[in-house]
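Subject: Handing over the structure

Dear colleague,

I am passing this structure on to you, and I would be glad if you could look through it before reading my notes.

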Amino acid sequence: MGGNMNRRLKLTLTIPLLLIIISGLAYAAWTDTIIAQYTLTTAQAPAISVEKGFINLEHGLVTINVRNNDSIIVSTSPDAVRVFVNITNSGATPINTVRMDDALPYDWYWQPEEVEVQLIQQNEAIIEIGQPYFTASYDAGTRTLTVIVHNIKSATGKYLEMNEKIRIMFKMEYALKGQQLPAGYASNPPTYVNFAAATAWINGWSSSSVTASASFKTEINWVG
Amino acid sequence: MDKKLVGAMLVPLMVMLVAGFGYAAYERQVNDYVSASAGTFDIDITGSPTISCSASYMTGTVTHPNINEIDVTVSNFAPGDHATVTFNITNTGTLPGQLTEEIIPTGGLKSISPFMYSDDLPSSINPGQTITVTATITLPSGTTSQGVTRTFNVAIHGTAGT
């Protein structure tokens, strides 16, 4: 009697135990999961530095040639001042667009169509950027020349990488040629200051506007 | 004697019950070694996953540390950029299965913003079939978040059945 009870009890407990084990194993065999882990980082905004200067001035000096008998300015030496602006990518984020606004000194104006744009790589190799990859416009009222390189990648096949620079060069001429030398210029030849501001973009992100300035002196040369 | 026997069988029974429920709740656990007479269902990542980035200044890597995992790292996203990851999933079991997925932000965040994720995961997979999944991660235009890192998992769950 006791033996039958034991067997019945064993059976009663063993069957659900087996069912649980089997169903647990079956569940394990019937589900599976795979995982893709992602780590994503956005770039920083572009960062630039700007420098400017004059290519064809010795000792930072322009000579104004004035006719002796009527004080008419006949020419300058050099005839036109060649200006450069370097916009350097100083950050890790590549740059695809740059804009430069150059405020010319008073008494000077932009010599139209005289704009050159280059991409200078770290090894000093130069890639010329021609139109239509940049646009140049001049506001005579504010004497501001604006040059925009819209898509450096399209123009050169590459972005402006860290420590590479966009060099913009243009010429400006003396607006007072043919006019009488202004009062005071003879005794106190003016020093002219030239300002530039630049901004860079990658897609929708822009750098802060960075400015630079350079100046040159003048001397009066009286000619017969 | 009977009480001892009942006790001896009840204890492991309770243990198995708890273990069974615990196992069922732990759905992410992967088991590649167990088979049952009713058939098996097992999905693995096979082949070599690839990654491509929309801009040359971006860097992207994808590794495949084990058959159930890939690790993707992409840096230098700018607005409008995207990266595309392609990988294969093979059903090495004997049963067809349904596929679902969930995006699980990690690092204590509740979303993957500013990024967006999409893929073309099919809803089912047959025994022996290999499917190719293409996942795209995008940083939308207009995003202002600079220098931020986001981590998340995409868990692809497979369940036997049609």
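Chain A has an average pLDDT of 92, and 94% of its residues score at least 70. Within chain A, the mean pLDDT is lowest for helix α1 (residues 2–30), at 70, and highest for strand β6 (residues 97–103), at 98. Where pLDDT is low, the predicted coordinates should not be read in detail.

Next comes a residue in a loop of chain A. Y185(A) sits in the loop between β11 and β12 (191–202) of chain A. Not counting residues up to four places away in sequence, Y185(A) touches P190(A) and I220(A). Y185(A) and I220(A) are 35 residues apart in sequence, and their C-alpha atoms are 8.0 Å apart in space.

Several places in the backbone of chain A also deserve a careful look. Most residues other than glycine have a negative phi, and most peptide bonds are trans. S77(A) and P78(A), however, are joined by a cis peptide bond with omega of about 0°, and P78(A) is placed in the loop between β4 (73–77) and β5 (80–89) of chain A. Another cis peptide bond, with omega of about 15°, joins Q131(A) and P132(A), where P132(A) belongs to the loop between β8 (126–129) and β9 of chain A.

As for phi, S71(A) is not a glycine and yet has a positive value of about 60°; S71(A) is found in the loop between β3 (61–67) and β4 of chain A. With 16 other C-beta atoms within 10 Å, S71(A) is partly exposed. N163(A), also a residue other than glycine, has a positive phi near 70° and lies in the loop between α2 (152–156) and β11 of chain A. N163(A) is partly exposed, with 13 other C-beta atoms within 10 Å.

A further positive phi, near 55°, is taken by R143(A) in the hairpin of β9(A) and β10(A), which has four residues between its strands. Strand β9 (residues 134–139) and strand β10 (residues 144–149) of chain A pair in the antiparallel sense over six bridges, and Y138(A) has L145(A) in β10(A) as its bridge partner.

Of the 162 residues in chain B, 25% are buried. Among contacts in chain B between residues at least 6 apart in sequence, 69% join residues at least 24 apart.

One open sheet of chain B has four strands in the order β1-β4-β8-β6, with antiparallel pairing. Its edge strands, each pairing on one side only, are β1 (43–53) and β6 (116–119) of chain B, and the twist averages 20° from one strand to the next. β6(B) and strand β8 (residues 130–138) of chain B run antiparallel and are joined by four bridges, with T138(B) in β8(B) as the bridge partner of M116(B).

Finally, which strands form the open sheet of six? The order is β2(B)-β3(B)-β1(A)-β9(B)-β5(B)-β7(B), and the pairing is mixed. The edge strands here are β2 (59–66) and β7 (124–125) of chain B, each pairing on one side only. Strands β5 (residues 97–105) and β9 (residues 149–160) of chain B pair in the antiparallel sense over nine bridges, and I104(B) stands opposite N153(B) in β9(B).

With best wishes

Definitions and conventions
Residues are numbered from 1 along each chain as its sequence is written. Chains are lettered from A and ligands numbered from 1 in the order in which they are written. This is a predicted model: local features need pLDDT of at least 70, side-chain atom pairs count only at pLDDT 80 or more; totals for chains, interfaces and linings use all residues. pLDDT is the predictor's confidence in each residue, from 0 to 100. Helices (H or I, at least four residues) and strands (E, at least two) are DSSP runs, numbered from the N terminus. Two residues are in contact if their C-beta atoms, placed from the backbone, lie within 7 Å. Two strands pair if DSSP finds at least two bridges between them. A residue is buried if 20 or more other C-beta atoms lie within 10 Å of its own, exposed if 12 or fewer, and partly exposed in between; C-beta atoms are placed from the backbone. Axes are lines fitted to C-alpha atoms, for helices over the stretch in contact, and angles run from 0 to 180 degrees between N-to-C directions.
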